[in-house]
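Student: I have a chain open here and would like to go through it. Can you take me round?

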Amino acid sequence: LTYGFAGMRTYKGSLSFNPTLPSDWPSYSFSLSFQGRSVRVHVGRENTSYTLLHGEPLSVQHRGKTLTLREAGKPQTAV
């Protein structure tokens, strides 16, 4: 799921995503641990949200755009 549909990759110590959603799925979500941080990813029809659950701020790439997850529990949304 993470490498396939979510298009997750690591590059030079950072995370990048290029998510897709199968046509018959309403959404999907998953959590992951990366460099001592916990992150929740939710992919829906309208957008994708990234939420830092635990740890220091983390920057992720969403289709080439940088999102910085600064505050635990506060989602960052990308279209």
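This is a predicted model: local features need pLDDT of at least 70, side-chain atom pairs count only at pLDDT 80 or more; totals for chains, interfaces and linings use all residues.

Student: OK. How many helices and strands does the protein chain have?

Tutor: The protein chain has 0 helices and 8 strands. Read from the N terminus, the order is β-β-β-β-β-β-β-β.

Student: And how does the radius of gyration compare with that of a compact globule?

Tutor: A compact globule of 79 residues would have a radius of gyration near 12 Å, and the protein chain has 12 Å, so the two agree. The C-alpha trace spans about 35 × 25 × 20 Å along its principal axes.

Student: What share of the residues is buried?

Tutor: Of the 79 residues, 35% count as buried. As for the surface, the protein chain exposes about 4800 Å², and carbon and sulfur atoms supply 49% of that area.

Student: What about contacts between residues 24 or more positions apart?

Tutor: They make up 26% of the contacts in the protein chain with a separation of 6 or more.

Student: Charges, quickly. How many positive and negative side chains?

Tutor: There are 9 positive and 4 negative side chains. The centres of the two sets lie 8 Å apart.

Student: How does β3 run relative to β4, parallel or antiparallel?

Tutor: Antiparallel: 8 bridges join β3 to β4, which covers residues 37–44. In that pairing, S29 stands opposite H42 in β4.

Student: What happens in the hairpin of β3 and β4?

Tutor: There are 2 residues between the strands, and Q35 takes a positive phi near 50°.

Student: Then β4 and β5. How many residues lie between them?

Tutor: β4 and β5 form a hairpin with 3 residues between them. They pair in the antiparallel sense over 6 bridges, and V41 stands opposite Y50 in β5.

Student: Why is β5 described as largely enclosed by the rest of the structure?

Tutor: Because 5 of the 7 residues of β5, which covers residues 48–54, are buried.

Student: Which residue in β8 stands opposite Y50?

Tutor: Y50 stands opposite Q76 in β8. β5 and β8 (residues 76–78) run antiparallel and are joined by 3 bridges.

Student: Now the serines. Is S49 buried or exposed?

Tutor: S49 lies in strand β5. S49 counts as buried because its relative accessibility is 14%, and the cut-off for buried is under 20%.

Student: What does S49 touch?

Tutor: Leaving out residues up to four places away in sequence, S49 touches R40, V41, H42, P75, Q76 and T77.

Student: How far is S23 from R45?

Tutor: The two are 22 residues apart in sequence and 9.2 Å apart in space, C-alpha to C-alpha.

Technical notes
Residues are numbered from 1 along each chain as its sequence is written. Side-chain values use heavy atoms; hydrogens and water are left out. Helices (H or I, at least four residues) and strands (E, at least two) are DSSP runs, numbered from the N terminus. The radius of gyration is taken over C-alpha atoms; the globule rule is 2.2 Å times the number of residues to the power 0.38. Buried means under 20% relative accessible area, exposed over 50%, partly exposed in between (1.4 Å probe, protein chains only). Contact means heavy atoms within 4.5 Å. Accessible areas come from the Shrake-Rupley method with a 1.4 Å probe; for residues, only the protein chains shown count as cover. Lys and Arg count as positive and Asp and Glu as negative; His and the chain ends are not counted. The place of a charge is taken as NZ of Lys, CZ of Arg, CG of Asp or CD of Glu. Two strands pair if DSSP finds at least two bridges between them.
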